[in-house]
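Look through the sequence and the model below before reading on.

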Amino acid sequence: MDWQALRIDAEDYWRRNQGQHHLEHDPIEQTLDRIHRHTPIRSAFEAGASDGWRLRWMQAKYGCQVQGIDASASAVKQAVVPVRYGIAPAGINDSPEHAYDLVILGFFAYLLHRSQTLRLAAAVDRILQPGGHLVIVDFLSPYPSRAPYAHHPGLAVWKQDLSALWTGSPQYVLVDRTLVEHPAHDIDNADPARWIAVDAIRKMPTGQAWADAEPVGSRTA
């Protein structure tokens, strides 16, 4: 995994998009509102938080405690809420266990080498409280695919249904999915590799995802 290339790309992304984030165009605002109506958001962690613009809005609207990480040192310096320098999944593991009832994976996981995705799933599981929610913004592809990354030579774009990393376990349930437009083009149903999804996944309270079953007794002759 070329971590230095990811850091350089994070700085480039910050320069391209600084000041361009607007709440009225935030693809996950309505998803967060639906989660909050069902389960009040009290503590939130965002990986790929940039300068914390979304966390600042959430803090004001929901009154929740917030924490974030971002791979751009320049973005972190501009943050007015707690955002520290870090790259997922390692940067997530610096947080206390079960510290948050909401974890957001901003639009970055498609750049992580697939060798890191199970580590990402484990890191999120470690810091997310039972009963809490994970929100993912990322490309949604019906099949795993890899392509060169247009903005940075040496990096690749890895597309898949990331929600499956969690919903493959009965402990996690997909509760909300919204397709959104990529800033560069409209949703093209003829090319699902271009789809972007906002997924909300609930981590079930301890024990609720499992059915009780009678133990299997030993077989006698």
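**A lysine and its surroundings**

Leaving aside residues up to four places away in sequence, lysine 203 touches His98, Asp125, Leu128, Gln129, Pro130, Gly131, Gly132, Gln171 and Tyr172, where contact means heavy atoms within 4.5 Å. The model is a predicted one, in which local features need pLDDT of at least 70 and side-chain atom pairs count only at pLDDT 80 or more, while totals for chains, interfaces and linings use all residues. Residues are numbered from 1 along each chain as its sequence is written, and side-chain values use heavy atoms, with hydrogens and water left out.

**Lysine 203**

- Lysine 203 is part of strand β9, residues 196–203; strands (E, at least two residues) and helices (H or I, at least four) are DSSP runs, numbered from the N terminus.
- Lysine 203 counts as buried because its relative accessibility is 2%; buried means under 20% relative accessible area, with a 1.4 Å probe and protein chains only.
- The side chain of lysine 203 reaches the backbone oxygen of aspartate 125 at 2.9 Å.
- Between lysine 203 and leucine 128 there are 7.8 Å in space, C-alpha to C-alpha, although they are 75 residues apart in sequence.

**The sheet**

- Strands of a sheet pair through backbone hydrogen bonds, either parallel or antiparallel.
- Here 7 strands form an open sheet with mixed pairing, in the order β3-β2-β1-β4-β5-β9-β8; two strands pair if DSSP finds at least two bridges between them.
- β3 (83–85) and β8 (172–180) are at the edges with a single partner strand each, so one side of each has no neighbour in the sheet.
- From one strand to the next, the twist averages 15 degrees.
- β9 pairs with strand β5 (residues 128–139) in the antiparallel sense over 7 bridges.
- Aspartate 199 in β9 stands opposite isoleucine 136.

**The helices**

- Helix α5 (residues 117–127) lies across β1, β4, β5, β8 and β9, and runs at about 145 degrees to β5; angles run from 0 to 180 degrees between N-to-C directions, and axes are lines fitted to C-alpha atoms, for helices over the stretch in contact.
- α3 lies across β1 (43–47), β2 (65–70), β3 and β4 (100–105), at about 175 degrees to β2.
- The axes of helix α2 (residues 29–38) and helix α3 (residues 53–62) come within 12 Å and cross at roughly 35 degrees.
- On the α2 side, this contact is made by Glu29, Leu32, Asp33 and His36, and on the α3 side by Trp57, Met58, Lys61 and Tyr62.

How values were computed:
Buried means under 20% relative accessible area, exposed over 50%, partly exposed in between (1.4 Å probe, protein chains only). A polar contact is a pair of N or O atoms within 3.5 Å; within protein, one must be able to donate a hydrogen and the other to accept it, and residues adjacent in sequence count only if both atoms are side-chain atoms.
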